[in-house]
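Please look over the sequence and the structure shown here before reading on.

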Amino acid sequence: MTLRVSVIGTGYLGATHAACISSMGFEVIGVDTDPAKIALLAQGKVPFYEPDLEELLAAEIASGRLSFTTDITGTADCDIHFICVGTPQQAGSLAADLRFVDSALDAVAPIAKAGSLVVGKSTVPVGTAERLRQRLAAVNKDVELAWNPEFLREGFAVEDTLRPNRLVVGVTSDAAEKKLQELYQVNLDANTPWVRADLPTAELVKVAANSFLATKISFINAMAEICEAAGGDVTVLARAIGYDPRIGNRFLQAGIGFGGGCLPKDIRAFMARAQELGAEQALEFLREIDSINLRARQRVIELVRNDLSDDLAGKKIAVLGAAFKPDSDDVRDSPALDIAAQILAAGANVVVHDPKAMVPAQKRFPGLAFAETIDECLADAELVLHLTEWKIYREIDPDAAKKLVKNAIMIDGRNALDREKWIAAGWKFRALGRSSVQ
Ligand code: UDX
């Protein structure tokens with residue numbers, strides 16, 4: 001008999017996971033406490049922008065395999081319950097807020113049937129799974145707990161979920177591993193590497209991977225600072241070191257740094273947890289990774305002041321990009337939006353454009369002005385900031401753009417534009433880590 005699966009928490013991770021597991025042929029019920037979110041999803045609508053997800057969701061609902069509810073008792077006969085709720089940063093602390101994880105566990109524990117499996121997917125501080133295992137056992141001793149971290153990237157969520165580069169399962173029994181192998185059989189058939197681990201290791205894999213990625217980005221941004229001081233070019237440096245397969249060329253794009261709902265909060269929560277474990281020294285370097293990352297935003301603002309004036313009051317500055325990265329409408333901890341907001345606070349007249357993230361950006365910073373089109377954004381600008389590397393910005397014609405702006409000054413915060421083309425069109429072109437260019 002085919003497995004029945006519940007997915008508790010239908011945000012970014014849960015909605016994607018539910019649709020993808022359904023597309024593998026399983027019956028899936030998505031559960032959330034937010035009735036508005038459930039109502040949207042049930043109509044096949046995704047409350048955020050993610051390429052391919054809406055089509056998949058609609059197709060799976062139409063197939064009859066995927067449904068949504070706010071009532072967790074409707075999942076009582078499921079064989080596997082995934083916990084996919086958020087673990088945001090606590091206000092006033094570096095640590096993660098585990099309230100949603102705890103309440104999801106408390107909701108499913110009494111109703112899960114004997115022999116079923118509760119599987120955590122949320123990113124949590126190490127030790128949480130063992131604590132939840134005991135909490136579950138106290139209520140329902142016939143249900144096991146496992147951990148199966150998720151490595152999906154926004155913008156590639158469907159692809160990463162359907163074709164992950166590895167599957168990691170933290171289990172305490174062979175039976176639990178077997179059940180997860182049954183679920184992921186299609187991936188195993190495609191030779192996806194399978195890593196069985198204990199619960200703490202499975203939890204750590206996720207934060208270790210994100211810490212490594214954050215470190216790679218901050219490393220290249222530190223090199224960008226050195227290049228600026230020494231007159232070098234970080235883009236050439238990154239390309240040159242990236243040819244070494246031990247280093248690799250991915251995640252070496254210097255610029256305004258990392259943001260989003262994962263990397264920043266995960267490295268902070270990891271440091272907080274290490275301190276609780278008495279191992280804070282081991283992760284002291286992550287504090288530096290965080291500082292380098294935040295410093296990149298200040299360096300862009302310094303470039304703006306150098307080119308315009310220390311006093312930004314009334315200056316019209318065009319900002320291309322608000323999302324934390326392209327192909328996403330997510331503005332959580334977005335470096336682009338943070339820079340826009342800081343320049344606004346300094347008195348500038350900031351006009352922002354983003355192909356997908358304008359509505360969430362406006363919600364967060366109602367004081368910013370937003371332009372529907374790139375042309376409108378650029379009109380009469382005294383300086384242009386390129387802060388999220390959407391493809392459409394690489395397609396801007398520098399000659400045409402020059403006719404729209406007041407001053408042809410471009411600061412490329414992502415090192416993604418074709419510098420020679422912009423310079424040839426008569427622009428002053430600035431970029432982080434490429435100080436030799438005038
Ligand atoms: C990340 C991890 O990649 C993913 O495996 C995990 O499951 C969740 O967190 P995501 O938050 O979607 O995914 O974003 P990612 O693509 O990793 O980018 C994070 C940030 O780093 C973005 O702000 C991006 O602009 C920035 N970045 C990325 C750089 O500044 N330079 C780079 O070279 C790469």
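## Salt bridges, a domain contact and a sheet

When the whole structure is searched, 36 salt bridges are found, and it should be kept in mind from the start that this is a predicted model. One of these pairs is formed by Lys121 and Glu150, whose closest N and O atoms are 3.0 Å apart. Lys121 belongs to the loop between strand S5 (117-120) and helix H5 (128-139), while Glu150 belongs to the loop between strand S6 (144-147) and helix H6 (157-162), so the pair ties together parts that are 29 residues apart in sequence.

Another salt bridge joins the side chains of Glu154 and Arg332. The two pairs are set out below with their N to O distances.

| Salt bridge | N to O distance |
|---|---|
| Lys121 and Glu150 | 3.0 Å |
| Glu154 and Arg332 | 3.3 Å |

How much area do domain 1 and domain 3 bury between them? The value is about 610 Å², with 49% of it on carbon and sulfur atoms. On the side of domain 1, Tyr49, Glu154 and Gly155 supply 80% of the area buried against domain 3, which is more than any other three residues supply. The interface of these two domains holds one salt bridge by the rule used, and four residue pairs are in polar contact between domain 1 and domain 3, counting pairs with both residues at pLDDT 80 or more.

The last topic is an open sheet, which is formed by six strands in the order S11-S10-S9-S12-S13-S14 with parallel pairing. Strand S11 (369-370) and strand S14 (428-431) stand at the edges, and each has a single partner strand, so one side of each is left without a neighbour in the sheet. Within the order, strand S9 (residues 316-320) pairs with strand S12 (residues 383-386) in the parallel sense over four bridges. Which residue is the bridge partner of Ile317 in S12? That partner is Leu383.

Definitions and conventions. Residues are numbered from 1 along each chain as its sequence is written. This is a predicted model: local features need pLDDT of at least 70, side-chain atom pairs count only at pLDDT 80 or more; totals for chains, interfaces and linings use all residues. Side-chain values use heavy atoms; hydrogens and water are left out. Buried area is the accessible area (1.4 Å probe) that two parts lose on being put together, summed over both. A salt bridge is a side-chain nitrogen of Lys or Arg within 4 Å of a carboxyl oxygen of Asp or Glu. A polar contact is a pair of N or O atoms within 3.5 Å; within protein, one must be able to donate a hydrogen and the other to accept it, and residues adjacent in sequence count only if both atoms are side-chain atoms. Two strands pair if DSSP finds at least two bridges between them. Helices (H or I, at least four residues) and strands (E, at least two) are DSSP runs, numbered from the N terminus.
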